[in-house]
Amino acid sequence: MTLARETLTINMGPQHPSTHGVLRLVLELEGEVIVSCQPVIGYLHTGIEKEMENRTYHQNIALVDRIEYLSSYHEELAYCMAVEKLLGVEVPKRAQYIRVILCELNRIASHLVWLGTTGIDLNVSSLLMYCFRDRERILELSEMVSGQRMMPGYFRIGGVAADLPEEFEPAARQFLEEFPRRLDEYEAMLTDNLIWRRRHEGVAVLSREDALAYGVTGPTLRGSGIAYDVRKAFPYSSYDDFEFDVPTGERGDAFDRYRVRMEEMRQSRRIVLQALDRLPLGPVITGDRKVALPPRAELVRSMEAVIHQFKLVSEGIHPPKGEVYAAVESPRGEKGYYIVSDGSNRPVRVRVRAPSFSNLQALPAMVRGGMLADVVVAIASIDIVLGDVDR
Amino acid sequence: MTAVVVEALLKSAVLLFVLLTATAYEVLLERKLLGRFQVRYGPNRVGPWGLLQPLADGIKLLTKEDFAPAGADRVVYVAAPVLLMTVALFVYAVIPFGPEVELFGRRVTLYLADVNTALLLVLGASSLGVYGLILGGWSSNSKYSLLGGLRSSAQVISYELSLALAVLAVVLEAGSLSLVRIVQAQEQGWFVLRQPVAFLVFFLSALAETNRAPFDLPEAEQELVAGYQTEYGGFKFVMFYIAEYLAMITQGALAATLFLGGWHGPLLPPVVWFVLKVLLFVVVLIWIRATVPRVRYDQLMGLGWKVLIPVALLNLLVSAVLLL
């Protein structure tokens, strides 16, 4: 008599507490060991890429916010940079610094959401509350500059919508003053916690080779020991003015990715402080009237300004014919925009290089042979945003 | 004879009332404390300081649809929570809350029964509880429930061993299985001082026995939705819930009885001391839940079989040699 070995197939998601959105995994289990894992995506498909073809370049800023919704500032920056490249517009130094400040604050906020959700995935529900308490401060800062906590719509093609308000700098500095102590507290609670380590060390290992083969970027790639960071490799928006380190891991396990992200938050704080210290004076949006709206005061005096205003508001920007790719380092990895223009006021095609999408590809390789409980850790450790995966 | 029966009935009724109320407020206490640990308020809308919250929760759950999933084994599906709750309540028949007191001119014992095998009854009852988990998980006809049920049965059975071994050390010290006798034996000194290792093993096993964090794997919502409870709702869910929180109090009462001197303590009346000790235990359990991550299943089993049981056995051996 032969014993038939049967595997159990279970469906994790799309409504599942720890798939961080509407990810669905078809897991084949032998006992509690994963034999195979197949991600099924598309539950949050919004058609944003297609939708962008029907809107003017400027209107699209409101759309891109909703792709990687935890780091909208990076999304806006990548999109604006792509259009600026197409136009050949120079962004004023002050605007570049303001963009850096908000992006790095946004990175901290995004990493805090990652830390908090990793916490609830491992049943440290308190951690989520602590992280959201700190994130709240960053959202308030975002509200100060843009009027919105999330989906700010603050960056413009050629600069930013408005200068920083007066109360921004003291509030930001106060937050950055208190933040390292908070981080130390969380690290004291987690890094040396035996259970936390046991759940992360050697779990969901992604080798250097696999990481490269799957096109993984961001902290997930750096956790595997490759120091690729768009901010260093292809500096944009004055990132080469600032000093910061790119932390990397060695073993490529979930614990390395945890350590990389924790360190990145400290590095982001360092960048923001440098940017605040050296914030240059000057305009916050380009003076090119074909790209940016003229100031209100000019409208009453100059007919030309009125015409520019009318053309920009009714038609929008007309970038020259061409194709362009621009990328930033979002909290999840390389976020790129590939835009094809035919010279009209709407893009012909926009393709978003989504870090969550390529990082998710590596999930089956990470969890194969592991335990069911490790899947949760693996998903948390690649920190996907489903809006980014499906677009 | 009639008086004895009436007394026992009255005591049972009071005990039942107290226990069920205590369970309800234990849930509120947990939510309040967790709230404070997590820099928020916890429930504070229903009644003053949210004190009527358990009532509101109860009404909500009791008025829910009596639901059963398609393909479920109806009889077992209903029987599982009933069994679990009955067993959880049954334990209190032998747990002593205090010594004899004068009430209405009668000498009344603050326990239902002083059985000379009380400890065996307690351990046996908690073993029976496993059936509730397995049957609940199996009869729901859901993979998540089944996995949850399998996990809990493996976990509870493993940790029952170390729990029993830890408790045996106390039995050696007291020379009796009667809980009343064990408390009386601690008049001079609590067993936690004489048996610290046993207490530690007992504490960890109790965490696992009650499915509390960090060993709350059977209901690891991140992996198994809600484990064996996944397909339960309404009143049947309440019964699982009561059983679970009652188990926390039970382990607290056992810890107090076996290691913390039961009702013994200076100044305050004995019953108050007992309640305080149980409360302390419960608060510590809640505190732990707010702080630590959950262990993985294989790590949990490893801890039970490779650490706790050998340690408990060794401790038992050493105690036996020293006492004899």
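A disulfide is a pair of cysteine sulfur atoms within 2.5 Å. The structure is a predicted model, in which local features need pLDDT of at least 70, side-chain atom pairs count only at pLDDT 80 or more, and totals for chains, interfaces and linings use all residues. Residues are numbered from 1 along each chain as its sequence is written, chains are lettered from A and ligands numbered from 1 in the order in which they are written, and side-chain values use heavy atoms, with hydrogens and water left out.

**View 1. Cysteines of chain A.** The sulfur of Cys80(A) lies 10.0 Å from the closest cysteine sulfur, that of Cys103(A), which is too far for a bond. A search of the whole structure finds zero disulfides over all chains. Cys80(A) is buried (under 20% relative accessible area; exposed is over 50%, partly exposed in between; 1.4 Å probe, protein chains only), because its relative accessibility is 0%. Cys37(A), at 9%, also counts as buried.

**View 2. The contact of chain A with chain B.** Contact (heavy atoms within 4.5 Å) involves 32 residues from chain A and 26 residues from chain B. About 2600 Å² is buried between the two chains, 56% of it from carbon and sulfur atoms; this buried area is the accessible area (1.4 Å probe) that two parts lose on being put together, summed over both. Glu32(A), Asn123(A) and Ile195(A) supply 22% of the area that chain A buries against chain B, more than any other three residues.

**View 3. A salt bridge between the chains.** Asp374(A) and Arg296(B) join their side chains in a salt bridge (2.9 Å, N to O). The term denotes a side-chain nitrogen of Lys or Arg within 4 Å of a carboxyl oxygen of Asp or Glu. Between chain A and chain B the count is one salt bridge.
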